[in-house]
Structures are given as C-alpha cells and as structure tokens.
Amino acid sequence: MKRSIVSKIILLFVILLVAALPFLGVLSQYTQRIAIMCFIYIILATSLNLISGVAGQVSMGHAGFFAIGAYTSAILSVDFQMPALVGLLCGGLLSGLFALAVGWPCLKLSGGYLAIFTLGFAEVIRLICINWRSLTRGNYGLRGISRPSFGGYVLDTNLKYYLYAFVIMLICLFFLHNLGKSWFGRNLAAIKDDEIPAEAMGINVHLSKTIAFAISAFFAGVAGSVYAHFMTYIDPSAFVSDVSTTVLGMVVLGGFGSFYGCIASASVLTALPEMLRGFSEYRMLLYGFVLVIAMLLRTVDVKNSALGIRLQGVYRTVSGSVRNFFTGKASPKKGKGV
Amino acid sequence: MTYFLQLTINAIALGSIYALTAVGYSMVYGILELVNFAHGSVFMLGAFSYYIFAVLVGLPWYLSFLITFILIGIVGFAYDRLTLLPLRRTNQPKFTGLICTLGVSIVLQNLVFVFMGSNTRQFPTFFEGRYLSLGPFNISFIQILIVCLSVAIMVALSLFVKKAKLGVAMRAVAQNSMASEWMGINVNSVVSLTFIIGSVLAALSGILSCMSFRSLDITIGSTIAIKAFTATVLGGIGNLGGAVLGAFIVAMAESYTAGFISSDMRDLSAFVILMLVLLFRPNGLLGKAVQKKV
C-alpha cells in the first residue's frame, strides 16, 4: 500500500521533470528533436508490446500501421485542412480497421502466420504509398503538413511540439498500461502462455487476439500522426521494414511484455544511434543480435548460474552497506574486522 | 494467346525457383512448426557466396557451386545448433523461436550489407543470351536448365523422403517427435539435416534465380520469403507436393498480374493469394486439417 503511493509520487515527479526539461534550458534544438522521436518510438514500442509482448503474437508490420496513420493525418491536413487532432483520431481508427481486416484471418491460426503476413502487409502499404501518386504524391512525398494549432495558437517551435507529443504519449501510455493490467490484459497473458488452456478457461482466443491487434495498430497510427505533423514532410522511405524491426527489437530488449522495460529500451535505442553517428551502418546488425541473444538468454538460468550467484552476493553486500550508511549502523562486516 | 503462353512459360521457370525455396520452408515447418524467417536471407546469402567465389575470387563455376553448398550447409547447421536447439531443449514458447529466426535473418542480411554494400551487381550466367525459338515462343536455355534441375531435385527429394532411412526418420519426427525419439531416432540430427537440406536448396534457388534475372542485391531475400511462404501455405504447409503446386500457382498469378495488369502490382499478387488462403482454406489445397496438440 505504502509502496504503491511512493511509486506513484516518483512517477508523477518523473512526468513533471520530463515535461519541464525543455524549459530548464538544458535541451538544445537538436536534443528536443531526438526527445520527440523518443516519444514517438515509445508509443510504437508500447503498442507493439500489447500484441507481441503481452499476447505473444509476433507482428512485423508496425511500420505499415505507422505509415497508415502518418499518411491519413498528412492527407487530411494537406488536402482538407483538417486540424491535427482529427487527423490523429482518423489515422488511428483507419489503421485499427486495417488491423481488424488483416488480423482476423491470420490470428485464426497460431504460430508465425501473423508475423510473415504483417511483414508482407507493411511492404504492400509502402508500395501503395509509392504507386498511388494522385493521393500520396509517390516518392516525392507529402509536403507542407501543418503543425497542430489550437484556436489560432500554432505549435510552431520544437519546444511547443515537445509538450504536444509528450501529452499524446502520456494519454497513450495511460490507456496501454491500464489495458495491460485489466481483465483483458490477463486474458492476453493467458493466451501468450498457452492458447489451448486459455480457450478451455472460456477466453475467446481468436477474438481477443484480433482486438488486441487492432488496439495495437490504433496506437501505431496515432504515433504516425504525431510523426507526420512533427516532420511536416513524409515520404515512403520513412516506413521501410527496418522500422518494424527496430520497434520489435525495442519490445524484445525491454523484456517482451514488460511495460516500463519497453519505455526504457525505446528511449535508449532511439537516442543511442543519434549519438553514435558513425555507427549507423551497424545499427540493424545490432538489432538482429539483440533479438537472437535476448531469446537465447531465456534459456540460461541467469539467477542460479555461478556468475549470477556471485553478482547477487555483490549486490547484497553493496546494498547492505549503503543501507547501513544511511541508517547510521556500522556495517556488520567491518565491525567484525575491527 | 501467344502472349499468354509466353507468360506461362516464364511462370514455369519462376515457379521452379519458388518451389525449391518453398520446400525448405515446408520441411522446417513440418518438423518444428516454425516459420523460418531466415530462409529468405539464406537464399540471398547463397547467391552472394556464389558471386564472391565465381566473380571476385575467379573460381570456375563448379567449384563455386561446391564451396557455396558446403558453406551454406554449415550455416544452416550452425544456425539450428546455436540458436534454435537451446530454445527447443529448454521448452521455450513458440514465439521465441520465431523471433530468433527473425534475428538471424536480420543479422545475415546486414552482415552481407556491411561487407558487400547495397548496390546492384551483375550476376554471371550460363548460356549468355541464348534461347530456343519454338514458333512464336522464346525459351532461354537458362530457363530450361532451371526447370530440368528443379524437377530432378524434386524427384530425388521425394524419393529420399519416401524410401531412405533418414527420410523415413524425417517423416516420423514430423508426425510425432517425442514418439520417434523413444523409437531410437536422434531427433536433433534429423532436424539439423532438415536445415542443411533446406538451406542448400535455398542457396541453389538463389543462384538460379540470380542467373535468370542476371542481377543481385541484398533485397532479393525478403521478396522471395513472402512468395515462397505463400506457396507453402497454399499447397498445405508441411506437404512437399503441395509446396511445389503452390509455387507454380503463385508464379503464374504473379506472371499474369505483371503481364496483364501492371508490373508494379506483381508483388501484390502473392500477398492477395496468402490472404485468400488464410481466409478460406487455412490448411492449404493438399493439406489435411490438423488437430491442435496439447
């Protein structure tokens, strides 16, 4: 009880801190851009986490839903002068609908069908973006997407957009987090463990998976809209399959089902390649290794291995002496020596 | 009509390549119930390996073929032993294997990218520009070679699976791996053998495909992956004859789409077929309904 209050206070403090960061003057224009990309990738990773991490259905098509959201929002903004929030909702809903259509046949079956099908789906969406020139301007891309405005107040600087993206991200995270903790999330966790007993317990496996997939795609579409209005220019090359892989890598590195792990790994994996510029050629190679090694680590019982036991011993000694330092007690080991 | 028949002839050659690739998918799925995402990358790796030895090193073609097959066989073996075997041994859930194959696929593709770059290269071929004229049709020699070679390999493979001791072991493992282990079959070596055969066939079809298109770049693996997978599912996953049938149907659909509608749409056709199959006949044309096992 007490612990949950403490963690809530810490959470609130972190949220306020991140919201206040640009006003403290510690973020340059460039860092603000990276931070906004972090927010976008956090939405992508946590939404993929719902279908892949929580429900165990690997999807490789997040770039496709990201693209649907971005293009819907961009076209509504450029051709119809719609406000950004309308584009955001429409983009999310449209990609959710696409996910229903795609997920229904694939998720009837277990195994890798969804993965390979969504991989193809994302590629098809990209091909459509390239070839349907009258709507998407093909490879030239869509230019002049307006920044969001509220009653004449335009979010023209990165600083203002930072707050907009941050608020959208918080709303998405709120929904995704509570969904994971709800009865629906528990159903999905049961499906991840084993579908047959889940079905026997009265869960409609097929329906639950499809709905989870649609929700996941909805938030990917929202992320797409945030991206489109941030860049103000999009073209099909931003939605290659590498994006899907990157997001899946974030979910896997975050612990495959862990909500906060996902947020942490999304932030790190977005910020890190920006800092290591010369490294960009090896980035995808790294993600590949991350996927393989993260899976192989599951087979090793880290806790009970020789190194694990030793590390736990070190941790106990260090945390014990830190605790003793704060409580003013002499460390038991030292006492013995003297 | 002649145009239609010419497209059909091209589709048969294309279908042979798809069939060689699809068989590898089908065998691995039949035994492990795992979609092997790395298959497309192995296809690409095989073509690159042949290119390196035949063009950059300058070895004669037969040596290049031999070295490529040995190399790719080792890759297939190591891939199974190092990444998939530990997962099987500790009874990890299925998605772990899936993610692992994805990871291996990305690693292979990007290793080639790091060392070879992403530019398109001209691929050496046999019978440069020579073709057989049968009335209004042109059939290039390389197409004939591809079809003959594929038919020979398919016949040999089906004989192997039906008659040879290892082939029987393979079918037994596919049916029930635990029971076959009790009968004294070394399941892990059977699985490794499956990976080796599948990888070598993928490498061969990669080389043949590049010979027929005369170009090579690192993206060829990802486009073939979805087409070969569609062929496998369409024919009935785990069924070798079905994979071949599916491969020809996919190739024909692709060829007619490119010929009659638009060549931009050719990659869409496989996707549409896959969607229809999953909707209406998820067990495939020749597959039987499988009971879910607890």
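This is a predicted model: local features need pLDDT of at least 70, side-chain atom pairs count only at pLDDT 80 or more; totals for chains, interfaces and linings use all residues.
View 1. As general background, nonpolar side chains in soluble globular proteins tend to be buried together.

**View 2. The surroundings of Leu291(A).** Setting aside neighbours within four places in sequence, look for Gly249(A) and Val252(A), both in contact with Leu291(A). From chain B, Leu291(A) has contacts with Ile99(B), Cys100(B), Leu102(B), Gly103(B) and Ile106(B).

**View 3. Helix 4 and helix 10 of chain A.** Here you can follow helix 4 (residues 84-106) and helix 10 (residues 205-231) of chain A, whose axes come within 7 Å and cross at roughly 145 degrees. The crossing of these two helices of chain A is right-handed. Sorted by class, the residues of the contact between helix 4 and helix 10 of chain A are 15 nonpolar, 11 polar and no charged.

**View 4. Chain B against chain A.** In this view, 33 residues of chain A are in contact with 36 residues of chain B. On the side of chain B that touches chain A, the elements giving two or more residues are helix 3 (61-89), helix 4 (94-116), helix 9 (220-235) and helix 11 (266-280) of chain B. Helix 4 of chain B gives the most to that side, with 14 residues. The side of chain B that touches chain A is made up of 25 nonpolar, six polar and five charged residues.

Key
Residues are numbered from 1 along each chain as its sequence is written. Chains are lettered from A and ligands numbered from 1 in the order in which they are written. Axes are lines fitted to C-alpha atoms, for helices over the stretch in contact, and angles run from 0 to 180 degrees between N-to-C directions. Helices (H or I, at least four residues) and strands (E, at least two) are DSSP runs, numbered from the N terminus. A crossing is left-handed if the near helix is turned anticlockwise from the far one by less than a right angle, and right-handed if clockwise. Ala, Val, Leu, Ile, Met, Phe, Trp, Tyr, Cys and Pro count as nonpolar, Asp, Glu, Lys and Arg as charged, and the others, Gly among them, as polar. Two residues are in contact if their C-beta atoms, placed from the backbone, lie within 7 Å.
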